[in-house]
Amino acid sequence: SAAEGTHREVTLPDSSVVWVGSSGSISFEDNLSHGRSVRLDGDARFDVRKLGGEPFVVETDNMTIRVLGTEFSVAQDDTHENSRVYLYSGAVEVSTPAGSATLAPGTMLDYDYTSGRITTAPIPSGHTDWRYADLDFRYEPASRILDRLAAYYMVGVIYPPNIDDYAEISISFDGTESLDQAIRMVMAMIDRYNWRMEGNNIVMY
């Protein structure tokens, strides 16, 4: 599991690699010797090793994802409104109570719990792989820095519409900071707002 405000890299017994997001956890039985199946709570990015055609299965509260060898990520809303799967390479089949869909590389699936609908679409151009987020900022608006940090720590961020009315910021992070430490560093530069966590969202006010 990953502590709140951090993420953790885990190498599975089959050599697949999982990056578990903030406050997330992954579990599996008996070193995967009875099948490559893992249970995910929270968000994670997967780099799944191909292994003789044996499928790799990810189970969440609302979805089952079957893959062979691929790279994909899972984002689950802490408010229990939706889950998303982003596919970067290979292929995955996603099963939900609303139906199933097979994704092609460069596409995403959104499962809305309230409406019971699943939709697929190209991955938006602004989608950030939080593992490789650029954490060195030079004269950047505060909103862009907060968006990058939110992607890195796999949380949401809500900020006032006038947050960029003030001076641009230069600040660097080395990736070892907790979410709390990183946000406090940004807040010290702005020195104008307070903030709190609401579920999986940073809320500035």
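Me: What makes helix 1 largely enclosed by the rest of the structure?
Reply: Keep in mind that this is a predicted model. Nine of the 12 residues of helix 1 are buried, so the helix counts as largely enclosed. Among those buried residues are Ile 145, Leu 146, Leu 149 and Tyr 152. They pack against several elements, including strand 14 (136–140), helix 2 (179–190) and strand 18 (201–204).

Me: How do you know what span to expect for helix 1 (residues 142–153)?
Reply: The expected span is 1.5 Å times one less than the number of residues. Helix 1 has 12 residues and reaches 16 Å from its first C-alpha to its last, close to the 16 Å expected.

Me: Why is Ser 83 called buried?
Reply: Buried means under 20% relative accessible area. Ser 83 has 0%, so it is buried. Ser 83 belongs to strand 9 (residues 82–89), and its contacts beyond four places away in sequence include Met 63, Leu 109, Tyr 111 and Tyr 113.

Me: Now the rings. Why is the pair of Phe 46 and Phe 56 called edge-to-face?
Reply: Two rings pair if their centres lie within 6.5 Å, and planes over 60 degrees apart count as edge-to-face. Here the centres are 6.1 Å apart and the planes are at 65°, so Phe 46 and Phe 56 make an edge-to-face pair. Phe 46 is in strand 5 (residues 44–48) and Phe 56 in strand 6 (residues 56–59), so the pair ties together parts that are 10 residues apart in sequence.

Me: Which residues do the ring pairs link into a cluster?
Reply: Phe 46, Phe 56 and Phe 72. The count for the structure comes to four aromatic pairs.

Me: How do you know that the charged end of Arg 196 sits over the ring of Tyr 205?
Reply: The distance part asks for CZ of Arg within 6 Å of the ring centre, and the direction has to be within 35 degrees of the ring normal. The charged end of Arg 196 is 4.7 Å from the centre of the Tyr 205 ring, and it is listed as sitting over that ring.

Notes:
Residues are numbered from 1 along each chain as its sequence is written. This is a predicted model: local features need pLDDT of at least 70, side-chain atom pairs count only at pLDDT 80 or more; totals for chains, interfaces and linings use all residues. Side-chain values use heavy atoms; hydrogens and water are left out. Rings of Phe, Tyr and Trp (its six-membered ring) pair if their centres lie within 6.5 Å; planes under 30 degrees apart count as stacked, over 60 as edge-to-face and the rest as tilted. Helices (H or I, at least four residues) and strands (E, at least two) are DSSP runs, numbered from the N terminus. Buried means under 20% relative accessible area, exposed over 50%, partly exposed in between (1.4 Å probe, protein chains only). Contact means heavy atoms within 4.5 Å.
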